[in-house]
Amino acid sequence: MSDKLVSSPRTLSIRTSRLILRKAREDDLEDVHAFLSQEDAVRYWSSSPAYSNLAQSLDWLETMIASPHNGVTDFVIELINTDYGSTSKPRPGPVIGKLGCWDNTDVISFILNKSFWGKGYAADALQAFSWYMFAFTGESQDGRRKTPADKLIADVDPRNKRSRTLLRRCGFVEFARGGRTRKTHLGWCDSIYYELTRERWEFLNGTSSGT
Ligand SMILES: CC(C)(COP(=O)(O)OP(=O)(O)OC[C@H]1O[C@@H](n2cnc3c(N)ncnc32)[C@H](O)[C@@H]1OP(=O)(O)O)[C@@H](O)C(=O)NCCC(=O)NCCS
């Protein structure tokens, strides 16, 4: 997996053969709204229903952009455009989702535009993100430092089968369950907690951190 990755210490973006994980920007608004407005995408991801107007998505995007975690441990997922058309250089592809730790905890959040489900993009992004979180140390342009994580955690609604499959496929293991852990637009919801420790990630990838 890591042979496909390039992580730039200047921008802290993460690249696979199909995707770029990079910091969110204001010109991502339309693409971000595309998934924040999808009922199926936000059902278990958000505490509120799908956004019906662009202003709600703008608020969400501005919060992400203003966060010190943007582009350090929290990223939008850009699809690499391989269609050159009549130009010598392809235009940037669309932003198809987001993935990352949005605060100081080890908890990850991920969502993909439904039009891009079923193509392995989420698995690609999560595997690349895990590599970055466990094995990469660097500094962003403004001096914010990214240090290796000890573990990543996901809090998933038991009904969220796609997320559970994704996490298991990427090496996460269930370690706890909780009832009525949060109240969302669906009412009270339960949680299954998954984790991926650095030790397990190193075992699965046949590597050791810092290499
Ligand atoms: C969770 C989520 C990101 C998973 O997306 P996904 O596309 O199902 O996940 P993957 O990237 O692993 O894709 C797996 C599918 O791609 C297929 N696939 C196609 N090409 C593939 C490839 N090159 N590599 C791997 N899988 C590939 C797999 O066979 C699998 O198919 P299936 O859906 O028929 O089983 C998405 O469902 C989502 O955004 N859900 C809503 C948000 C959410 O609930 N977030 C979690 C909150 S905790």
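This report looks at the salt bridges in a predicted model.

## The overall picture

Side chains of opposite charge can pair when their charged atoms come close. In this model, the count comes to 11 salt bridges.

## A buried pair

Let's start with Arg 22 and Glu 78, which form a salt bridge whose closest N and O atoms are 2.6 Å apart. This pair links distant parts of the chain: Arg 22 belongs to strand E3 (residues 19-22) and Glu 78 to strand E4 (residues 74-79), 56 residues apart.

Are these two partners buried or exposed? Arg 22 has a relative accessibility of 9%, so it counts as buried, the cut-off being under 20%. Glu 78 is buried too, with a relative accessibility of 7%.

## Two partly exposed pairs

Arg 43 makes a salt bridge with Asp 40, and here the closest N and O atoms are 2.8 Å apart. Arg 43 is partly exposed at 31%, and Asp 40 is partly exposed at 29%.

Next comes Arg 182, which pairs with Asp 155 with the closest N and O atoms 3.5 Å apart. Arg 182 is partly exposed, with a relative accessible area of 22%, while Asp 155 is partly exposed at 33%.

Note on methods. Residues are numbered from 1 along each chain as its sequence is written. This is a predicted model: local features need pLDDT of at least 70, side-chain atom pairs count only at pLDDT 80 or more; totals for chains, interfaces and linings use all residues. Side-chain values use heavy atoms; hydrogens and water are left out. A salt bridge is a side-chain nitrogen of Lys or Arg within 4 Å of a carboxyl oxygen of Asp or Glu. Helices (H or I, at least four residues) and strands (E, at least two) are DSSP runs, numbered from the N terminus. Buried means under 20% relative accessible area, exposed over 50%, partly exposed in between (1.4 Å probe, protein chains only).
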